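The tour goes stop by stop.

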Amino acid sequence: MVIVSNQRNNRMHPHKFALWVAIASIIMMFAGLTSAYIVKSKLANWEVVEIPTYFIYSTACIIISSLTIQGALRSFKQRNMSQYRTLLMVTLFLGICFLALQYLGFSWLWENGVRFRGAGAGQFLYIIAGLHALHVAGGIIALIVIILRTLIGRKKVYNSVGLEVLSTYWHFVDVLWVYLLIFFIWLG
Amino acid sequence: MNNESTIHVHGAEIETHEIHHDGNGHPHHKETFITKYIFSQDHKTISKQFLITGIIWAIVGGLFSVLFRLQLGYPGQSFAILETFFGKWAEGGQIKPEFYYALVTMHGTVMVFFVLTGGLSGTFANLLIPLQIGARDMASPLMNMLSYWFFFLASMIMLSSLFVETGPASGGWTSYPPLSALGQASIGSKIGMDLWITSMAMFVVSSLLGNLNYIATILNMRTKGMSMTRLPLTIWSLFFTAILGVLSFPVLLSGFILLLFDRNLGTSFYLSDIFVNGQILPNEGGSPILYEHLFWFLGHPEVYIVILPAMGMVSEILSINSRKPIFGYMAMIGSLFAICILALLVWAHHMFVSGMNPFLGSFFVLLTLLIAIPSSIKVFNWLTTIWRGNIRFTPAMLFAIGFVSLFISGGLTGIWLGNATIDIHIHDTVFVVAHFHIVMGVSAFFGMFAGVYHWFPKMYGRFMNNTLGYIHFWITFIGAYLIFWPMHYEGLAGVPRRYLDRSIWTSFNQFGDLNKVITIVTIVVFAVQLMFVFNFFYSIWKGRKVRTLNPWSATTLEWTTPVNPGHGNWVGEIPEVHRWAYDYSKDGRDFIPQTEPVGANETTEH
């Protein structure tokens, strides 16, 4: 049953607003983890970990994907549907690339002796970057749903709210990753 | 009478897809039993689901406390009933010490999270937010439904942990490492602990989904004319509750994730230099204080998540039943806001004796004592609201007044505990138990009872039985004081918490009879709660029917809906709001509903 419909135009759509609140709560989770990292780095047996270069490539991927999803939103609003579909596919591809590169980065760390045992930055790296990857995976699932809808949906979609929610979320996980990477390099 | 109408909200067209109303406001599109009562997206049904699940949990959690209280009052004595309930954990009718830990852990977890968070704000946020702000449902009914089902899943996991061979989690509701992080440390730290963490993670997801919705709904879906300062205080309190939940639960989740890794994958976030069961552990460099910080960053706001909805409902019920406007409406909002901010800044007052830097402690003492200011403002305003009012002593009103009494009594001992110097003496004694049970346990229950008696007519279209309500109130009220008041004296004398048998200390034997009295009163009070549950379920089907739209003569919007509102709440248009929620006894009129336009000759002050 659809009960929520268009509200007054100058008010934010409830779904968009809910996303911002969700972002606030995700920020709190990572704030908890990164402050635990800071506290722990002052304690005994702290070991520094070298950031794998894969993470630099993955950062490039996710930043570019942010641009492409913004482009997709723009072409959707201009009703340039073929360009919109292409850009969504590119975003999806870059998102999957990001996850693959993160996985390669983790494997590299694991092979270079960064394990769960011990008390270094490595443990945090797996957990924090892993949770971030889960959030990106959530975005990818939403992206796939939207792509499937545009490819096989019978009804034409004119409402851009869903896409706007997704692109805001996508930018958020992008910025979050950049923050985390700087954090790791700075304090790791 | 099928008015498939186009409804105007905020001057823009809003389509009511798929809602076809008949005269009673019942949507009669295809609704099966499953979509109507089980996987329902109607906020009112979801609220009932939360309430009934909460009631079942309250019976479980309450029963645990009665049964271990039996052993506390009569140490060393055997009770057949204990073996009946607990089997091998109480062989020969005596609770085993390790199982006592499991019982207090589950009592705390169940009461704090599953009853007073899920059952209390889950119920009333769902019921009241759309009805009182004038919305047809939540911002996202689907997420709202998922919120309940995650709560249900969390409940099932927690329930299943009671039946595993090594018993449920027994590290206290706070689950401090290293006890909770090492399976070999105690029998209750094995699989029961993993189930506890998993269940709590599901609970966090449930509460985040719910809170997101509450915030988005309150800020974005108010009806025309319903400005923020015209909202009833219930909505304000639920709003701040949701903000606290959204900001603090994720931090708890990150603490739990690290704990899970420490338990199962050999990391050392919380572990260092440990010697357990004759074995030296390799873990080094971790710190349990890290967990305590992460836990109490939620743990402290959690007590406000529990108490704020009760405060909001009490404000509303006191005003309605005194036939007077709430005293100091803006001060009430301001103090809610101040409590909300301070709640996030005082967590370390739970850690004065944890080995935290004492200098840091002094800041937390200051911030903790500051909470006394907004709390006193609220108490003052409640008292001035009922002062010289034309009071109707309904069961809801009695419970609301009882709430104020308990909140004062429990709040005063908070000033003692908030001082690090006094806390060093009384920390981990039953003084603390008495303090938090009165100030956030029993008072939140009183707020919840007040809310249930007051809004039962809206939930089920019937009244609860008043006589049983009065019996329920007086016995619970007197009983609560009889149970917890003596604990203050015991705590000041040094009687510790978390011990099953204190008779080894001869100096505490003087409290033997007192402990028996507490136990007997506990049994009586618990029996009366079962009577309340009977009253609740009996009244759903057999209670006196509600004949008028507005049985309490209240001003707020929920009483403008049909007696049994369908999904969508209002038949036809959502009413427009023209005034605040507290126009009682104004200009010679008993009350003026929020929907009535302001008259030309009306006095302006409120």
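Buried means under 20% relative accessible area, exposed means over 50%, and partly exposed lies in between, with a 1.4 Å probe and protein chains only. This is a predicted model: local features need pLDDT of at least 70, side-chain atom pairs count only at pLDDT 80 or more, and totals for chains, interfaces and linings use all residues. Residues are numbered from 1 along each chain as its sequence is written, chains are lettered from A and ligands numbered from 1 in the order in which they are written, and side-chain values use heavy atoms, with hydrogens and water left out.

**Stop 1: chain A as a whole**

Select chain A and show the cartoon. Helices (H or I, at least four residues) and strands (E, at least two) are DSSP runs, numbered from the N terminus. Read from the N terminus, the elements of chain A go α-α-α-α-α. The C-alpha trace of chain A spans about 60 × 30 × 25 Å along its principal axes.

Chain A exposes about 9400 Å², and 66% of that comes from carbon and sulfur atoms. Accessible areas come from the Shrake-Rupley method with a 1.4 Å probe; for residues, only the protein chains shown count as cover. Chain A has 188 residues, and 51% of them count as buried.

Contact means heavy atoms within 4.5 Å. Among the contacts in chain A with a separation of 6 or more, 84% join residues 24 or more positions apart.

Colour by charge next. Chain A carries 15 positive and 5 negative side chains, and the centres of the two sets are 22 Å apart. Lys and Arg count as positive and Asp and Glu as negative; His and the chain ends are not counted. The place of a charge is taken as NZ of Lys, CZ of Arg, CG of Asp or CD of Glu.

**Stop 2: aromatic rings**

Rings of Phe, Tyr and Trp (its six-membered ring) pair if their centres lie within 6.5 Å; planes under 30 degrees apart count as stacked, over 60 as edge-to-face and the rest as tilted. The count by this rule is 85 aromatic pairs over all chains. Select A:W110 and A:Y126: this aromatic pair is edge-to-face, at 5.8 Å centre to centre with 65° between the planes. A:W110 belongs to helix α3 (residues 81–111) of chain A and A:Y126 to helix α4 (residues 121–152) of chain A, so the pair ties together parts 16 residues apart in sequence.

Which of these two counts as buried? A:Y126 does, at 10% relative accessibility. A:W110 is partly exposed, with a relative accessible area of 36%.

**Stop 3: charges over rings**

A charge sits over a ring if NZ of Lys or CZ of Arg is within 6 Å of the ring centre and within 35 degrees of the ring normal. Select A:R79 and A:F76. The charged end of A:R79 sits over the ring of A:F76, 5.1 Å from its centre. Move to chain B for B:R544, whose charged end sits over the ring of B:F463, 4.3 Å from its centre.

**Stop 4: two buried helix residues in chain B**

Select B:H454 in helix α14 (residues 430–460) of chain B. B:H454 counts as buried, at 1% relative accessibility. Setting aside residues up to four places away in sequence, B:H454 touches B:I317, B:I320, B:N321, B:A396, B:W552 and B:W559. Draw a C-alpha distance from B:H454 to B:I317: the two are 137 residues apart along the chain and separated by 7.5 Å.

Then pick B:V306 in helix α8 (residues 288–322) of chain B. B:V306 is buried, with a relative accessible area of 0%. Beyond four places in sequence, its contacts include B:V112, B:L116, B:M440 and B:A444.

**Stop 5: B:F537**

B:F537 is in helix α16 (residues 512–542) of chain B. At 26% relative accessibility, B:F537 counts as partly exposed. What does B:F537 touch, not counting residues up to four places away in sequence? The answer is B:I52 and B:I55. B:F537 and B:I52 are 485 residues apart in sequence but 9.6 Å apart in space, C-alpha to C-alpha.

**Stop 6: backbone details**

The peptide bond from B:P177 to B:P178 is cis, with omega near 0°. B:P178 lies in the loop between α5 (141–161) and α6 (191–220) of chain B.

Finish at B:R498, in the loop between α15 (466–492) and α16 of chain B. Phi of B:R498 is near 65°, a positive value in a residue other than glycine.
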